[in-house]
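Dear colleague,

I am handing over the structure below, and my notes on it follow. Please read them alongside the coordinates.

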Amino acid sequence: MKRFCRLLLAPAALGTLLAACHSDSKPAAVATPPAAPGAPAAAPLASAGGSPGAAYQIYRGQLPGAPDSLTLHLLTTAQPVDADVRSVFATYAGADGHPYQLVGHRTATPDSLVLEDISPEKQAPGSNQGPLWRLRRQGAALVGTYRGQPLRLREARPAGALALFVQTFADSIEAFPGKKKSPWGQIEFQAAVPTDCPKALTDNVLRQLNDDSLPGRPVLPLIQIWDRQRQQFEANYREAAADSRSDAPADTAAPYGYGLRYQQQAATYVLWNQAPLLSLGYFTYDFSGGAHGNYATRTVSYDTRTGQPLTFAAVFRPDARPRLGALLEAAVRRTLRIPAGQPLEGPLLIKKIPVTTNFYLTSGGAVFTYGPYEIASYAQGEVSVFIPMTDLQPLLLHPNLAS
């Protein structure tokens with residue numbers, strides 16, 4: 001089955017999907033959405049309503065047989081051109097603050113969703129498939145089944161949860177404009193930006209989307225961030241195409257077509273949204289030839305009161321690393337079901353778990369994420385592990401950080 005890897009393929013699912021990601025058909029470009037009528041030219045967001053069909057919503061409910069309720073954060077993009085695209089990403093958590101991830105797509109039936117739980121803790125031993133959520137919209141609710149049992153989730157806006165604006169951009173770039181059978185590159189950019197919050201928070205999210213770590217620089221509107229990324233991709237892609245064509249016949253690009261099916265994708269995931277914390281995942285994927293592309297998710301938590309990112313140094317004590325290393329090893333063993341006493345090398349690529357600074361916070365703890373090849377093979381995908389706040393509190397500079 002054709003799978004053109006677009007921007008809402010969740011990180012944990014990518015390892016098994018990206019090897020088959022390169023479609024032979026060229027997708028139609030998604031037009032850049034116009035600015036909202038009357039919006040000022042310097043507005044930080046491209047339009048007040050986001051892309052048509054794109055939305056961020058919060059639902060509350062209870063899984064069949066579960067002892068407590070859950071909060072589901074659901075992010076959908078505009079309906080993709082390719083029916084196999086995973087256009088839905090979600091996270092959910094119960095009272096303990098342990099988050100789990102879902103990916104999925106809308107079905108041929110309007111307002112219907114199929115979601116798969118991709119968290120290793122939810123998968124059966126020896127299986128890489130988690131429970132399925134089959135849902136349809138019914139007014140302000142999602143109704144359907146979980147593991148074949150009835151499920152109903154109601155839309156909600158918990159106190160302290162921020163609204164987020166969702167915008168999707170995409171375009172196709174010809175390698176050799178005007179030439180027959182020219183290969184093409186695809187660039188896509190999806191952003192989720194908080195609204196009705198401190199300006200510093202919106203500004204810092206936009207800076208992250210623009211790969212800008214200097215707080216003194218002007219904050220670019222979302223449309224300008226997209227234009228900048230598209231122009232840079234076009235320049236790099238055309239340069240690579242020209243180099244690859246140096247010994248090719250002047251009238252054809254066909255020998256280089258597949259190798260020049262470049263892709264660049266960026267997406268924003270909502271990982272946690274409850275004051276005083278907003279945690280986002282900034283996902284990037286790049287394919288520029290070879291067996292597979294490269295991808296990573298940078299996670300950032302923000303203090304919703306100040307709008308500032310909570311860095312590793314701002315959260316953890318200077319002497320926390322040795323004890324945190326032991327907690328991370330225990331968490332990796334628990335998540336991946338590696339028995340105590342069994343060497344890590346074998347199931348993983350390393351003998352000892354390094355302390356990563358790529359983490360985000362929830363009310364109940366912290367999630368630490370390792371990219372491909374950091375501790376595991378590319379096929380295993382990103383590895384994310386949860387450490388409860390009760391274990392972390394002795395290591396925090398401010399024990400009440402999440403409350």
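Gln308 sits in the loop between strand S13 (294-303) and helix H4 (312-315), where helices (H or I, at least four residues) and strands (E, at least two) are DSSP runs numbered from the N terminus. This is a predicted model, in which local features need pLDDT of at least 70 and side-chain atom pairs count only at pLDDT 80 or more, while totals for chains, interfaces and linings use all residues. Residues are numbered from 1 along each chain as its sequence is written, and side-chain values use heavy atoms, with hydrogens and water left out.

Not counting residues up to four places away in sequence, Gln308 touches Ala200, Asn204, Ser301, Tyr302 and Asp303, a contact meaning heavy atoms within 4.5 Å. Gln308 and Thr202 are 106 residues apart in sequence but 9.8 Å apart in space, C-alpha to C-alpha.

The second largest pocket is lined by 28 residues, of which Asp211, Gln229, Gln264, Ala266 and Thr284 lie nearest its centre; a pocket is an open set of points on a 1 Å grid over the protein atoms alone, where a 1.4 Å probe fits, with protein on both sides within 12 Å along at least five of seven lines, and lining residues have an atom within 4 Å of a point. Among the elements giving two or more residues to this lining are helix H2 (199-209) and S13.

Best regards
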